[in-house]
Structure formats: structure tokens, C-alpha cells
Amino acid sequence: MRLDEILLTEGLATGEQVDEALDYQRRFGGRLETHLYRFGYVSEVDLVSILARQFGCEGVVVSRMAIPEAVLNMIPAATVLEKLVLPYDYDPVTNRLKVACQNPLCGNLATELSDLTHGKNIELRLALGFTLQCALIKHYRNITYHNDDIAENVEQEGETNASTESYLGRYRLLILNSGYEDISQMEYAFREEGFDIRSTDSIDLFVDALFRYRPQAVVMCLTGRVEQVETVIDDVASRGFDFDELPFFLVVENGLVGKLIPLLKEGLEDVLPMGSCHESLLIKLSRIRDLHENILNQRLRIIRDIGTHGSLHDMNVIDLLQMMGHTNKTTRINITGHGQQLTIFIDNGRLIYAECDDKSGAEAVYMCIPWTNGVWSIDPIKPDQLPPANNDLPIETILLEGCRLLDERNRTENCDVADWL
């Protein structure tokens, strides 16, 4: 029986849900199970169970799976990303390595992986393609490469360093200066090193910028007693900010550093003394930025090579379109968020088609730029799979207008907060 017939027979999906997923498959391609899962109509567990029965093999649910780093390293990252396989369990007694993949019956895959792992006994398990690729991003996105390796790969892809830099953009640094009269020397040093700086002396504007400006690192320059500094930290945390989400540096008067070191347990990156600290701070931030850019290059390589999936929390609509605008790929982007579906077609870096509910073209993108929760997929397609164009605006033009509209909405909703960005 076909997948849709099994779902209907076993009551795992309604006829309307299956019809909607089939219609989307006919219009935009892709796999039926991917659309059913992305729309939230059928669970990963049920889809894996059905597909495993169809293939006559065992299945595995990979979402939210905790995998030891030693197991992840048993197969080279390049092979993992090329063949879409995920090692997830190893038994040293039997020398058995379990590996998730989309098709356990695929050719000599087990033999190839056994050769790569020095003769381990490979057991392949079927995983849902959508969640498998999400798991690959989750577990391998922090693997970094030497800059020479990145440059070599970019050159092989026919890309220039300039295009990669254009995608990465400048590293965004947010500074709160509460009490210090002059931090211009620090700001100058950061700007000279290529950081994109935003600074304010207002706690309210600072917290607002944490969510609107989306900084990649934060510096708080605070004066006062230990209790006063701790009060500011608690205030920021009480407004919904998690210090573990990004590098967060605290700069205080020299005599307070030792007394505030315990704040590192709250997730702060470091506590530094005011004065000449901007030199050591610059070194630390530059290293963090280099690691961050290596990770972004890693993601770009994955997307160039295999097409992939991810969450809007890690890469939002703006980030996705900026990145795809600097590739020469022909792809389909599906973004599901806030109960809606945005479909975009990219042709050699040009956005030629967009649709979301009753909106089309640039209007569809404008509607979805504010999305903060959801998932996305990028799939390579052939030129003959492209739909008739409904947009002729450049991506940068769309994003600029979309951000302007978003800013206007934010000002309307928060009219008491000044637009200092």
C-alpha cells in the first residue's frame, strides 16, 4: 500500500490533510512524508514506523536524540554530510555501529561505511529525511574547519571571498554603557576591527535591542556597587534574556572583578576590569567571531552541497535569503511558521517566486520576515521545476523594505521605546 493509503486506513491522517500534502507535493515537489510532518499532521514516530514497514527494515526516531561526540566522530563529517547518514550508537563488545539514513537498502552503503570505520559492523536504520537532516545540522554544525580549508572549498565552488564576506556580514556587537562617561576608545577599536557596533546608555533600549538587533555578542559596562551590578543583571534576565544564548561580557571597575566572578555561573562569558580591557576584550571577541564565521561557512557548504533543513531560531527568513542571494543555485525554500507556509523559488541567486496563503511575490516575504519560530528546508531543483515568476525585485530590495515595514510595526506596538537603532 502507498503511504497515503496506509495513513487513511490506520486513521493517522484525515483525507483533507493527505489531499493538502499531495497538492503541495504536486505543485512544489518534495516527498509526501516531509510535507505531512512539516504541516504537523503526522508525527515522526508514525511516519518512521510506516516507512520502515514499507522498506522491510528497522527504523529510528532521531529528533532530540543525544549522541556521544565519540560516536559522531566515528564517520568523517564530509561523508556524513555527503551521504546523509548519522552514527548514533556504538557497542564496543560487538563492534556494532548503528547508523541512521533515509534508505537502508541503498546499494553498498553499509560496506562503504564499514571500510571508512576500520571494519566496524554497520547496522543501518531508516530515519525520516526531514528530521535526519535537522539532526545532521544540530550535531555537526559546530564542526569547524581551518580557514585554508574553507578558502579552498569556496574557490572550488567558484565563489569569491568577497561573496562569502557579503553573506557573513559584519559581526554584530551590542554595548550597554551605564555610568562610564566615555567608551569611545573601546568603540573605535572594535569598529577598526570590522565589528558592527550598537551602543546605548538605557537599560530599556538595551533589552529592546537584544531582541530586535539580534547581536552576536554583548558588552555591558557597569558602575556602582556589587549589589547594583547584580541588580542590572537580574533585571535583564527577568525580561526573558538567557545569558547562555550568546557571548556576554561584563566590564566593571577594577576592584569589583573578583567579587563578580561568581556571575560566570549564570552564563556570562567573562568579567573584565575597565581601563585598558578593550585590548583583551577585542582579542577574545575576535576569536569568537572567527569561530562563528567558520560555523556559518560550514552551514553554507552544507547547503551548497546537499540542500538541508533547520529552524528559524538558528537562521531566520532574512538570514536565509541573504545567504541564498549569494549562491548560483536553483532551489526551493519551504518555511513553516506561525501556522503558515511560505514557499520561495530561487533561480541563480534571484528570488523569482514567493507564495504564502493569499500573498504572492514580495508581499509574501514581507508577511513572513517577523517569524521567529518554525522550520525551513532548502532543496535543490532542476530549472524545469521552476514555476512562472511572480517577483522581479532583488532580494536586497525586498529585505530592506521588509525590515522597514517590521520596524514601523514595532514602533507602533512599542511607541514608548525610541527608535535608536
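Hello everyone, let me start with charges: searching the whole structure turns up 14 salt bridges, where a salt bridge is a side-chain nitrogen of Lys or Arg within 4 Å of a carboxyl oxygen of Asp or Glu. Before going on, please keep in mind that this is a predicted model, where local features need pLDDT of at least 70, side-chain atom pairs count only at pLDDT 80 or more, and totals for chains, interfaces and linings use all residues. Residues are numbered from 1 along each chain as its sequence is written, and side-chain values use heavy atoms, with hydrogens and water left out.

Now, some of those bridges. Arginine 53 and glutamate 10 meet through their side chains at 2.9 Å, N to O. This pair links distant parts of the chain, 43 residues apart: arginine 53 is in helix α4 (residues 44-55), and glutamate 10 is in the loop between α1 (3-9) and α2 (15-28). Helices here are DSSP runs of H or I with at least four residues, strands are runs of E with at least two, and both are numbered from the N terminus.

Are arginine 332 and aspartate 379 buried or exposed? Both are buried, meaning under 20% relative accessible area, while exposed is over 50% and partly exposed lies in between (1.4 Å probe, protein chains only). Their salt bridge spans 3.8 Å, N to O. By contrast, arginine 53 is partly exposed at 49% relative accessibility, and glutamate 10 is partly exposed at 39%.

On to the rings. The structure holds four aromatic pairs. Phenylalanine 243 and phenylalanine 248 have ring centres 4.7 Å apart and planes at 80°, so this pair is edge-to-face. For the cut-offs, rings of Phe, Tyr and Trp (its six-membered ring) pair if their centres lie within 6.5 Å; planes under 30 degrees apart are stacked, over 60 edge-to-face, and the rest tilted. Phenylalanine 243 is buried at 5%, and phenylalanine 248 is buried at 0% relative accessibility. Elsewhere, Tyr171, Phe190 and Phe195 form one aromatic cluster.
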